[in-house]
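The structure is shown first, and the notes follow by topic.

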Amino acid sequence: MREIFGDISGGGTAHKAGPTGEGGDLAHLDARLAGAVRSGGDSTGIVMLQPAECVVWDGNPRDVPRLTPEGCRSLIESIASEGGNRIPVLVRRARDGAEIPYELLVGSRRRFAVDWLNHNGRPELRLSALIVDVSDEEAFRIADLENRERADISEIDRARSYQAAVDRFYGGVQSKMAQALSLSNSQLSRLLSLAQLPEAVVDAFPARTELRVRHSEVLTPLLRRPELRAAIIEAAVAIAAQQQQRTANKQPLIAAAAVLSRLRQAATSEPSKPEPVALMAGGTKVGVMRHGRGGVVDVSLSVGGDVDVDSLLAELGRRLRDARQEGMTRAA
């Protein structure tokens, strides 16, 4: 098994997979798995499973619920014509007590395709699977090696899998994870920043696959500033609503570049300033209170000798409390 996968931490320079994942130019890992089948022999650990006998391992970044028959059409047709998946999926035995006997490490699309065919006229098909014995950290590296070569794995999904993995497998040490995955520290840091984008911002983009690290590099520094974050999220919510409306009306969606431009504009636009508040004491105007930048409140007083000081202080305290509460509401 170790020879089949070689230096699994050195992926990322492999060939891109063809559109089917079962034909054309094979991905680097797929080529190794196909080679395991060609070599034959029981020692390869190849078994034939029903798709329901394996569950996708929770450390795999592929978002299985978003797999659709339309998105996997060419793969479904390939597997149907060949009578099964020529390139095996990769599984390991589940831990003792698990209801489902295997965990799927690599091959979510192949499992989906066979399962779909089982329910659509080809119940005899089985899932060709290669059983391996690997640790969680090794399984993560293997899955990452495969998923880096897939165009249908979005950068945000990959980034969020990295965010979960840095604590789960590498003790929260980014440099250790970067070394294991043959990434530079800066590459990993940029991906982790992408993973931390608010969901409202993610939803503003026309598709998850169109949200890239370069967008995060622009937005993350702005989102770290509390006085700008609320404005960006507010703009993102409005854009997402427009995207939904356009989808319902079958209109072109707002392009990623336009979304980024609007979010940047929201961050740089001058916020509207509240009207000055008159300060009263005993029915007499004694000053003005204005809201400044960053939650600062400016107070100007003009106090004569006949002003009731206690009344003035009570009014000022009430107005300051109101201003603080208003600022907290806007921030939320």
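Does Phe169 count as buried or exposed, and at what relative accessibility? Phe169 counts as buried because its relative accessibility is 13%; buried means under 20% relative accessible area, exposed over 50%, and partly exposed in between (1.4 Å probe, protein chains only). The model is predicted, so local features need pLDDT of at least 70 and side-chain atom pairs count only at pLDDT 80 or more, while totals for chains, interfaces and linings use all residues. Residues are numbered from 1 along each chain as its sequence is written, and side-chain values use heavy atoms, with hydrogens and water left out.

**Aromatic pairs**

- The whole structure contains five aromatic pairs. Rings of Phe, Tyr and Trp (its six-membered ring) pair if their centres lie within 6.5 Å; planes under 30 degrees apart are stacked, over 60 edge-to-face and the rest tilted.
- Phe140 and Tyr162 pair edge-to-face, with 5.9 Å centre to centre and 65° between the planes. This pair links distant parts of the chain, since Phe140 is in helix α5 (residues 136-147) and Tyr162 in helix α6 (residues 155-168), 22 residues apart. Helices (H or I, at least four residues) and strands (E, at least two) are DSSP runs, numbered from the N terminus.
- Phe140 counts as buried at 1% relative accessibility, and Tyr162 is buried at 0%.
- Phe140 also pairs with Phe169: the centres are 5.4 Å apart and the planes at 35°, so this pair is tilted. Phe169 lies in the loop between α6 and α7 (174-180) and Phe140 in α5, so the pair ties together parts 29 residues apart in sequence.
- Ring pairs join Trp57, Phe140, Tyr162, Phe169 and Tyr170 into a cluster.

**Charge over a ring**

- The charged end of Arg73 sits over the ring of Trp116, 5.1 Å from its centre. The criterion is NZ of Lys or CZ of Arg within 6 Å of the ring centre and within 35 degrees of the ring normal.

**Sheet**

- An open sheet of five strands has the order β1-β5-β3-β4-β2, with mixed pairing. Two strands pair if DSSP finds at least two bridges between them.
- At the edges are β1 (46-49) and β2 (54-56), each of which pairs on one side only.
- From one strand to the next the twist averages 45°. Axes are lines fitted to C-alpha atoms, for helices over the stretch in contact, and angles run from 0 to 180 degrees between N-to-C directions.
- β2 and strand β4 (residues 102-106) run parallel and are joined by three bridges. Within this pairing, Val55 has Glu103 as its bridge partner in β4, and Cys54 has Tyr102.
- β3 and β4 are antiparallel, with four bridges; Val91 stands opposite Leu104 in β4.
- In β4, five of five residues are buried.

- Contact means heavy atoms within 4.5 Å.
- Helix α5 lies across β3 and β4, at about 45° to β4.
- Helix α10 (residues 213-223) has as its buried residues Val213, His215, Ser216, Leu219, Thr220, Leu222 and Leu223. These pack against α6, α8 (185-195), α9 (199-204), α11 (226-248) and α12 (256-268).

**Nonpolar cores**

- The largest nonpolar core has 49 residues, and those with the most contacts inside it include Leu105, Phe140, Tyr162 and Leu263. A nonpolar core is a set of buried Ala, Val, Leu, Ile, Met, Phe, Trp, Tyr and Cys residues joined through side-chain atoms within 4.5 Å.
- Helix α12 gives the most to this core, with six residues.
- Beyond neighbours within four places in sequence, the contacts of Leu105 include Trp57, Leu90, Val91, Val132 and Ala143.
- Another core, of 19 residues, lies apart from the largest one; among them are Leu67, Leu104, Val114 and Leu125.

**Loop between α6 and α7**

- Gly172 lies in this loop and is partly exposed, with a relative accessible area of 37%.
- Neighbours within four places in sequence aside, Gly172 is in contact with Val166 and Asp167.
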